[in-house]
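The sequence and the structure come first, and my notes follow.

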Amino acid sequence: MALYGYARVSSSDQDFALLEQALRAAGCDVVRAEKASGTSRAGRTELATLLDFLRRGDTLVVTRIDRLARSIKDLQDIVYTLKERGVTLKATEQPIDTRSAAGKAFLDMLGVFAEFETNLRRERQLEGIAAAKVRGVYHGRKPSVDSAEVQRLHNDEKLGATEIARRLGVDRASVYRALARHGRPA
């Protein structure tokens, strides 16, 4: 019966040191932490590792439920998986303990609010983009690859898309798009 902590922040400029510190103060000897979006479980390798490791009688500790999931479906799936394995979920900053009916109810309410907050943020972002487009100041995301360099490597050095992608540190899809913009297949 051990306590295991999970800390997550969304962006690379955020730091999970305070979350990790709070989890250790709550009695967690092992804390898994990662920088990833909470809107999906996809790509969250530390969470997957932790969920695979937890055993009957263990407790998964988070600081807040939105650190675990920002989708009510993902949260419910995680809680179901934990329950099936006999693992308890606790949050240090919220009165959540899945061993009690009140804790379970509060967990579901917090999950709904976390998803609601994510949806509001997405709506505001889309409204901002639409307004910027009307003003003519939004031009989308900057290209992740230098098209001129892709063309140079392709034409002058006769490299294929895979080698160009490796040299530039980008995905092959980015290379293909850059070549397509200039009407040349890879």
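**Ser 147 and the helix around it**

I began with Ser 147, which counts as buried at 15% relative accessibility, where buried means under 20% relative accessible area, exposed over 50% and partly exposed in between, with a 1.4 Å probe and protein chains only. Ser 147 lies in helix α6, helices being DSSP runs of H or I with at least four residues and strands runs of E with at least two, numbered from the N terminus. Leaving aside neighbours within four places in sequence, I found Ser 147 in contact with Ala 178, Arg 181 and His 182, contact meaning heavy atoms within 4.5 Å.

I note that this is a predicted model, in which local features need pLDDT of at least 70 and side-chain atom pairs count only at pLDDT 80 or more, while totals for chains, interfaces and linings use all residues. Residues are numbered from 1 along each chain as its sequence is written, and side-chain values use heavy atoms, with hydrogens and water left out.

**Cores**

I then looked up the largest nonpolar core, which has 22 residues, with Leu 54, Leu 60 and Leu 75 among those having the most contacts inside it; such a core is a set of buried Ala, Val, Leu, Ile, Met, Phe, Trp, Tyr and Cys residues joined through side-chain atoms within 4.5 Å. Among the elements that each supply at least two residues of this core are β1 (3-9), α4 (72-85) and α5 (101-135), and the largest share, five residues, comes from α4. Leu 75 is in contact with Ile 65, Leu 68, Ala 69, Leu 107 and Gly 111, its neighbours within four places in sequence left aside. Apart from this core lies another, of eleven residues, including Leu 153 and Ala 178.

**Arg 70**

Is Arg 70 buried or exposed? Arg 70 is buried, because its relative accessible area is 8%, and I place it in the loop between α3 and α4. The side chain of Arg 70 makes a polar contact with that of Asp 66 at 3.1 Å, a polar contact being a pair of N or O atoms within 3.5 Å, of which, within protein, one must be able to donate a hydrogen and the other to accept it, and residues adjacent in sequence count only if both atoms are side-chain atoms.

**Lys 158**

Lys 158 lies in the loop between α6 (147-155) and α7 (161-168), and its phi is near 55°, a positive value in a residue other than glycine. Lys 158 is exposed, with a relative accessible area of 66%.
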